[in-house]
Each structure stands twice: as C-alpha cells, then as structure tokens.
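Here is a friendly note to read with the structure open beside you. Take the points one at a time and find each place on the model as you go.

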Amino acid sequence: MRRGRSAPRPSVLIVTPYLAAANNGNWQTAARWARMLRGRFRVRIATAWQPGDPVPDLLIALHARRSAASIDAFAAAHPSRPRILVLTGTDLYRDIRSDPAAQRSLRQADRLVVLNELGARSLPPALRARTAVVVQSAEPIAPVARTRGFTVAVVGHLRDEKNPQLVWRVVDGWPRDVPLRVLHAGRPLDAALGREAARRTRRDPRYQWLGDQSRGRLRRRVAASQVLLHPSHMEGGALAIIEAITAGTPVIASRVDGNVGLLGAAYPGLFPPDDADAARALLLRAATEPRFLARLHRACRARARLFAPEREARAVNALVDNGLARSIDGGARRRRRAPTRSKVSQ
C-alpha cells in the first residue's frame, strides 16, 4: 500500500520595504520572524508582492505606507487570503494621520500588529479590536567587560526621527569635570546630519560617530557601555532598547509611546521628548550617583523577561495560526452560502 503524501506546509510571505543591506529595524523584524516561523511554514521575504508572483497562503506586510502597493494588489487579487500589517513608528505616529495609502492599508489588513504595549492607542478606536501587540526580542549575548569611565551608546541611523541633534546638545552642555564618551552608531540617511556628526567627531573627543555597524559588533559595544541613550521623536518598538536591556545595559530614553510601551510608565530613566537638559540631568545622575545607576539596572532587569525570544516566537506563530484559521473558516462559510460552485483564481 502506497503511503499518501503529507499536505505541504502553509506558505507565508513577509513584505518589507528594506532588506539586509539597510540594516534597520524593518529588516531585523522580518528576518527574525522568518526564522521563528520556518519550523512550521514555508517563509519567503521580499520587498513587494504583485500579480504574477508566487501566491502565499498568508501575507505579512511591514510598514503601512511603504508596503501599501503590495497590500492593495494582494487584497484585490486574493481577497480571501489573510493579510497582517505590522505598524512601524512612522506609521503609528505620523503616516496614518494624513497619508491616504497608509490609511488604506489599515482598512485592507485583516489583523494589525503593534510592537509596543501602548501602540494601539494611536489607532482609531474601531481598529483596536483587531490589533495585536507583539513585543520584539533579542538573544542574550556573552558578558562583555564594561569600559572605564562613563560611556554612552547611541544607536540609530542619522535621520530626524531618531533625534541625533539632542545627543549633540547633551554633549555641548556636559560639564568638563565629569568624564564622558559618546559612541554613536548609525548610517547617515540624512546627508546634512552625517556631515554634522563627522564634524563633531573631528572637533570633540567626547563624541565619536561610528557610522554603520554590524549587528554583532554593535551589540558588544552597547554591552560594554554604561548606558544607552535613546532620544527618538517617534518609535514603533525600538530594537536598540530591547538589545540593550538583554545585554545588561540600562536605558535613558525619551518619554514617547514607543519607548514607554517597552520600558513602562514608571521607568526612572525617561525624559520629556526633545528636552536635552532633562536628558543630560539623567545621564549625569547615572555617571555620578551609583545608586541611581543601580536603580536603572534593576528596572531594566524587571522588564527583560518581556523580550525573551521564545515569548516573541509564540506570539508570531499564534498570529499566523489565527490568521490561517480565520481564512479557512471564512472560506467554508462563503462556500456554504454560494448558490453555485465557482472557480477561484489562484
């Protein structure tokens, strides 16, 4: 007796506007989710989907505005196949308020995903019921010896949303009698900001712009620093914060929803957005008050369990399972209602 073939695993396409060369959060999320899903699904990553491409059983799209064309095309060609939209910081805190393509993506998605615990409150109330929170994760790294003195790591490509200008204002007002070394990693996405970072590196020994860094090297630098400074204007769920906490480095960050949604509203290292004086005051406390630095460490350790890879993997797999299950159930209901049998384009 011949043994029947097992059914093929369901296929998942992850559409992201950026691939590995960009070395940014969208790519890191796409690559990590693909690894987490590949044990149970056939997974492919692409920058777009259009008619004529292989048709997945489920589409995951990162970025409402930049992936809008793919979401539109997939919804039009295969309306019964589930579409999951992962919302970035610029989606949540800028684009969905005014950009028609981003707003249309919200309507086209069967399920929305935010990457911090406060993300859903930036959505229209009618959409919150179909919104899931999936907090990102980072693998632990081997212990790294801390640098001497007081080293502050800053991680973020040079663009306005990441607010590198605040970092420079912090350094400009830093007292000369307190040691400071700022290591700033990121690609110059804004050429003018890149020129300013290079100029400051030449003129001020306390500040060093490192340019783009590999993920492994960057994580080791953060682990060796006393503090991570994260001054963004907007964040979806910053992997830099998560990687710092899982490496044992406390965080001082702007009080914006994307950061508070990872660190908690009572976290002691938050400062008002774009307030360089307040950021500097917190950093000075961390540099000169051992008890305050220890308090930051304790607060970060209390949050670390939220960023465990197995926790994120369960959430991502459940997201896909639920999407596929709803698709099957919905298809069955449509077939029962149909008066005649018809062919469905695949």
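**Notes on the model**

1. Let's begin at one glycine. Setting aside neighbours up to four places away in sequence, Gly-89 is in contact with Arg-94, Met-234, Glu-235 and Gly-236. Please keep in mind that this is a predicted model. Gly-89 belongs to helix H3, which covers residues 89-98. Is Gly-89 buried or exposed? Its relative accessibility is 10%, so Gly-89 counts as buried, the cut-off for that being under 20%.

2. Next, look at a histidine. His-63 sits in the loop between S3 and helix H2 (68-77). With a relative accessible area of 3%, His-63 is buried. Leaving out neighbours within four places in sequence, its contacts include Pro-17, Asn-26, Leu-85, Thr-90 and Asp-95.

3. Now for a sheet. Six strands form an open sheet in the order S2-S1-S3-S4-S5-S6, and the pairing is parallel. Which strands lie at the edges? They are S2 (42-46) and S6 (131-133), each pairing on one side only. On average, neighbouring strands of this sheet are turned by 20° against each other, direction ignored. If pairing is new to you, strands of a sheet pair through backbone hydrogen bonds, either parallel or antiparallel.

4. Zoom in on one pair from that sheet. Strand S1 (residues 11-15) and S2 are joined in the parallel sense over five bridges. In S2, Arg-42 is the bridge partner of Ser-11. Helix H1 (residues 25-37) packs on the sheet and touches S1, S2, S3 (58-62), S4 (83-86) and S5 (111-114). The direction of H1 makes about 165° with that of S2.

5. There is another sheet to trace. This open sheet of six strands runs in the order S9-S8-S7-S10-S11-S12, with parallel pairing. Its edge strands are S9 (207-211) and S12 (270-271), each of which pairs on one side only. Strand S8 (residues 181-185) pairs with S9 in the parallel sense over four bridges, and Ala-185 stands opposite Gly-211 in S9.

6. Helix H8 (residues 239-246) lies across S7, S10 (227-230) and S11 (251-254), running at about 170° to S10.

7. H10 (residues 276-288) and H11 (residues 290-303) pack at about 105°, with axes 5 Å apart. That angle is why H10 is described as roughly perpendicular to H11. On the H10 side, Leu-282, Arg-285, Ala-286 and Thr-288 take part, meeting Pro-290, Phe-292, Leu-293 and Leu-296 of H11. By class, this contact has six nonpolar, one polar and one charged residues.

8. In soluble globular proteins, nonpolar side chains tend to be buried together. The largest nonpolar core here has 57 residues, and Ile-241, Val-251, Ile-252 and Leu-283 touch the most other members. H8 gives the largest share of this core, with six residues. Beyond four places in sequence, residues touched by Leu-283 include Phe-150, Trp-174, Leu-229 and Ile-252. Another core lies apart from it, with 23 residues, among them Met-36, Val-43, Leu-58 and Val-86.

Notes:
Residues numbered from 1 in each chain as written. Predicted model: local features only at pLDDT ≥ 70, side-chain atom pairs only at ≥ 80, totals over all residues. Heavy atoms only, no water. Pairing = 2+ DSSP bridges. Helix = DSSP H or I, 4+ residues; strand = E, 2+ residues; numbered from the N terminus. Axes fitted to C-alpha atoms, helices over the stretch in contact; angles between N-to-C directions. Contact = heavy atoms within 4.5 Å. Parallel < 35°, antiparallel > 145°, perpendicular 65-115°, else oblique. Nonpolar A, V, L, I, M, F, W, Y, C, P; charged D, E, K, R; others polar. Buried < 20%, exposed > 50% of the residue type's maximum accessible area, 1.4 Å probe, protein only. Core = buried A, V, L, I, M, F, W, Y, C linked by side-chain atoms within 4.5 Å.
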